[in-house]
Amino acid sequence: MIALGLLVPRTRGEDVRQELLDAGRLRPDLEIRREGEFLVLPLAEGGGSVPAAWGEIVEREFQEVARRGPARYRDLLDWPDAEKEALPRSFDVVGDIVLVRLPPEAAARRNEVGEALLRFVPGARLVGLDRGVQGAGRLRQVERIAGAGSWRTRHRENGLELEVDVEKAYFSPRLAREHARVAEEVRSGDEVYDLCCGVGPFSLTIARRGRATRITAVDANPEAIALLRTSLARYPFGACIAPVPMPVEAFVPTATPVERVVMNLPREGIKYLPSVARTTAPGGRLYYYEVVPRSELPGRGNVLVTSLSPVGSFALADQRVVHPYSPSSDLVAFTLERSG
Ligand SMILES: C[S@@+](CC[C@H](N)C(=O)[O-])C[C@H]1O[C@@H](n2cnc3c(N)ncnc32)[C@H](O)[C@@H]1O
């Protein structure tokens, strides 16, 4: 059928797809078209104009999405409606692993939920009950509720295949847009520190763009660094990444300032913020992630800037909610630019 679409370069396709999805502007009943180095994303009507920077509006012939069974995993369960509705609408997919959080009242029937998700998600091999991340290592507590095999998988995001072990090192598929956004900001010749790098999604996404001269990826969890090494061996551009299995507090005292610093340790990172800020060169940017109570959100960026005044002159270049973290808090990305 003929419909309106947004023509975007393939390299920006995942970013723009997410933006449209969030804005309720991606048409779910039509397939995305591939046209050489471009994608055409089918546009839902209404909801105001789409920012010109996202792409060019075009008219195209689209294929309708083939219907494959029920639209929701919950409809695969032969449960009373009220019990089905109490189940979460969303779940995470990491490679061929599905992770779901369940309310306590559904715990006794978790295997049934697992089997439903295994049937519902195309290509799913294993379903885990996600009990959240814990400790400084942010290790995920997972319990197998359906399927088979190990927690190790390959996750695709931003055109990369990342080696992930859901149990042994932190990874969240909800940060894909942040990985891409920060990579997009890196300028030609920049040097980068990716502190608390985990399995290295920031480092690899930045390296793939090809503008950074060197990326030092630091994490205290040796398992995370080993997974990063496996991923980067797959790509020629991995050569510019230096993985360092080391706590950030041991790395930063001897680090010379660089143009881009990423620190994603949202619960405890504040302890290291002043020393990490010292490693940001004048004119450079520090990408700092924090879990912030919603009531404190409006002024939090300026509080951070003020707290860094003994270190140098920083300004808040950007502050954005990445995703809700709890009923009363959000994961927030702060971009702090150093002028002196
Ligand atoms: C929230 S994860 C972020 C991972 C990665 N940046 C990403 O976007 O997927 C935090 C990471 O910090 C690491 N970590 C925790 N404390 C640390 C420390 N003191 N020094 C270095 N790494 C640390 C953990 O091992 C974990 O991989």
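# Reading a predicted model, feature by feature

Ring pairs link Tyr73, Phe91 and Phe120 into a cluster.

Trainee: Before we look at those rings, what kind of model is this?

Mentor: This is a predicted model, where local features need pLDDT of at least 70, side-chain atom pairs count only at pLDDT 80 or more, and totals for chains, interfaces and linings use all residues. Residues are numbered from 1 along each chain as its sequence is written, and side-chain values use heavy atoms, with hydrogens and water left out.

Trainee: Thanks! How is a pair of aromatic rings described?

Mentor: By the distance of the centres and the angle of the planes. Rings of Phe, Tyr and Trp (its six-membered ring) pair if their centres lie within 6.5 Å; planes under 30 degrees apart count as stacked, over 60 as edge-to-face and the rest as tilted. A search of the whole structure finds six such pairs. One of them joins Phe91 and Phe120, an edge-to-face pair with 6.4 Å centre to centre and 90 degrees between the planes.

Trainee: Where in the chain do Phe91 and Phe120 sit?

Mentor: Phe91 is in the loop between α2 (81-85) and β5 (92-94), while Phe120 is in helix α3 (residues 110-120). The pair links distant parts of the chain, 29 residues apart. Helices (H or I, at least four residues) and strands (E, at least two) are DSSP runs, numbered from the N terminus.

Trainee: Staying with α3, which of its residues are buried?

Mentor: Val113, Gly114, Ala116 and Leu117. They cover an arc of only 165 degrees around the axis, so they sit on the same side of α3. The arc is that of the directions from the helix axis to the C-beta atoms. The cover over these buried residues includes β6 (97-100), β7 and β8; contact here means heavy atoms within 4.5 Å.

Trainee: Can we try that on another helix? Which residues of α9 are buried, and which are exposed?

Mentor: Helix α9 (residues 297-307) buries Leu297, Arg300, Gly301, Leu304 and Val305. Those residues fall within an arc of 130 degrees seen down the axis of α9, so they line one face of the helix. The face turned away from that buried side carries the exposed residues Pro298 and Thr306. On the buried side, the partners are α8 (273-277), β15 (280-293), β16 (314-326) and β17 (329-338).

Trainee: You mentioned β15. What does Arg285 do there?

Mentor: Arg285 lies in strand β15 and counts as buried at 18% relative accessibility. Its side chain makes a polar contact with the side chain of Glu337 at 2.5 Å. A polar contact is a pair of N or O atoms within 3.5 Å; within protein, one must be able to donate a hydrogen and the other to accept it, and residues adjacent in sequence count only if both atoms are side-chain atoms. Leaving aside residues up to four places away in sequence, Arg285 touches several others, including Glu185, Glu259 and Thr335.

Trainee: Which residues have a positive phi without being glycine?

Mentor: Arg138 is one, with phi near 50 degrees, and Asn158 also has phi near 50 degrees. Arg138 is in the loop between β7 (126-134) and β8 (139-147), and Asn158 is in the loop between β9 (152-157) and β10 (160-165). Arg138 is buried at 14%, and Asn158 is buried at 13%.

Trainee: Now the ligand: how many residues surround it, and which are the closest?

Mentor: There are 22 residues around the ligand, and the closest are Ala136, Cys196, Asp219, Val248 and Glu249. A residue is near a molecule if one of its heavy atoms lies within 4 Å of it.

Trainee: Which N or O atoms of the protein lie by the ligand's nitrogen and oxygen atoms?

Mentor: A backbone N or O atom of Ala220 lies 3.1 Å from a ligand nitrogen, and one of Val248 lies 2.8 Å from a ligand nitrogen. In the side chain of Asn264, an N or O atom is 3.1 Å from a ligand oxygen. Taken alone the ligand exposes 600 Å², and the protein buries 97% of that. The elements giving two or more residues to the shell around the ligand are α5 (201-209) and α7 (248-251).

Conventions:
Buried < 20%, exposed > 50% of the residue type's maximum accessible area, 1.4 Å probe, protein only. Areas by Shrake-Rupley, 256 points an atom, 1.4 Å probe, with all protein chains shown as cover.
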